[in-house]
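Have a look at the sequence and the structure before reading on.

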Amino acid sequence: MISMLKMDSHIHSEYSPDSNSRIDDILHTARSRNIDIIAISDHNTVDGTSEVLAKTRNTDILAIPSIEISSALGHILGFGCEENIPRDLSPEDTIDRIHDLGGLAIIPHPYCFYRHGLLCKRDYKDLKIDAIETKNARFIIGYCNNKAKNLAKNEHLPTLGASDAHYWKFVGDCFSLIDCEKDIDSVLKAIKKGKVEAHGKGTSNILLSKYLFEKNILKKFD
């Protein structure tokens with residue numbers, strides 16, 4: 001592939017209930033790691049998408065609208081969606097809503113049961129999936145990523161790497177290299193055509209534990 005751009009398609013901001021990362025801090029880290037394309041994929045809201053789209057207009061970073069939807073059986077990214085999609089719908093209905101909005105249905109951490117991985121409960125063949133994450137940075141031993149990678153290889157599904165960062169310092173730990181022009185439509189088309197590769201490393205479990213301790217324990221004493 002030529003002219004590859006670096007993309008982190010799954011980042012959480014303070015608009016997610018389990019993150020307190022400000023958009024400005026996310027953008028600062030993205031620039032420091034030479035990331036060209038980002039998506040704020042917050043849980044069940046596009047509020048973060050609205051802010052990042054406004055703040056990246058006419059800048060060096062392209063923001064893709066996105067949302068991480070809690071379907072009845074697991075999480076699904078509505079990649080390219082600027083509107084909220086109701087939670088707790090069936091996976092089929094959720095994916096149909098995503099496609100109706102012109103987005104891609106991407107399955108994050110598909111086999112991670114403790115993070116609502118959709119393919120723990122459903123066979124992918126029943127679903128109109130556009131791509132899956134095969135390198136999600138939030139893992140402990142890598143089993144779930146390896147299982148997703150094997151599925152993608154056997155079934156010729158486009159693969160993505162993403163940080164799934166809930167803390168701005170982890171942005172870009174995993175990422176995709178994508179062969180496309182720097183505009184939203186080109187990004188979506190490139191993913192559909194499989195012109196994308198998953199790269200990166202897992203977020204340090206030591207740093208992640210430190211962050212969770214500070215977020216969940218120390219804040220009680222503020």
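Lys201 sits out in the open: its relative accessible area is 53%, so it counts as exposed. Keep in mind that this is a predicted model. Lys201 has a partner, Asp173, and their side chains form a salt bridge with an N to O distance of 3.8 Å.

**The Asp173–Lys201 pair**
- The two residues are 28 apart in the chain, so to speak a link between distant parts.
- Asp173 comes from the loop between strand 8 (159–162) and strand 9 (174–179), while Lys201 comes from the loop between strand 10 (196–200) and helix 6 (205–216).
- Is Asp173 buried or exposed? Asp173 is buried, because its relative accessibility is 5% and the cut-off for buried is under 20%.

**Glu92 and Arg122**
- Here the side chains meet in a salt bridge at 2.9 Å, N to O.
- Glu92 belongs to helix 3 (residues 91–100) and Arg122 to the loop between strand 6 (104–107) and strand 7 (131–136), so this bridge ties together parts 30 residues apart in sequence.
- Glu92 has a relative accessible area of 30%, so it's partly exposed.
- Arg122 comes in at 17%, which means it counts as buried.

**Asp60 and Arg31**
- Another salt bridge joins the side chains of Asp60 and Arg31, at 3.1 Å from N to O.
- This one also links distant parts of the chain, with the partners 29 residues apart: Asp60 is in the loop between helix 2 (47–56) and strand 3 (62–63), and Arg31 is in helix 1.
- Asp60 is partly exposed at 46% relative accessible area, and Arg31 is partly exposed at 35%.

- How many salt bridges turn up in a search of the whole structure? The search finds 13.
- Some residues join up in a network of salt bridges: Arg22, Asp24, Asp25, Glu51 and Lys55.
- As background, side chains of opposite charge can pair when their charged atoms come close.

**Ser16 and its neighbours**
- Ser16 is in the loop between strand 1 (4–11) and helix 1 (23–32).
- With a relative accessibility of 2%, Ser16 is buried.
- Leaving aside residues up to four places away in sequence, Ser16 touches Asp42 and His43.
- With Asp42, the Ser16 side chain makes a polar contact, side chain to side chain, at 2.9 Å.

How values were computed. Residues are numbered from 1 along each chain as its sequence is written. This is a predicted model: local features need pLDDT of at least 70, side-chain atom pairs count only at pLDDT 80 or more; totals for chains, interfaces and linings use all residues. Side-chain values use heavy atoms; hydrogens and water are left out. Helices (H or I, at least four residues) and strands (E, at least two) are DSSP runs, numbered from the N terminus. Buried means under 20% relative accessible area, exposed over 50%, partly exposed in between (1.4 Å probe, protein chains only). A polar contact is a pair of N or O atoms within 3.5 Å; within protein, one must be able to donate a hydrogen and the other to accept it, and residues adjacent in sequence count only if both atoms are side-chain atoms. Contact means heavy atoms within 4.5 Å. A salt bridge is a side-chain nitrogen of Lys or Arg within 4 Å of a carboxyl oxygen of Asp or Glu.
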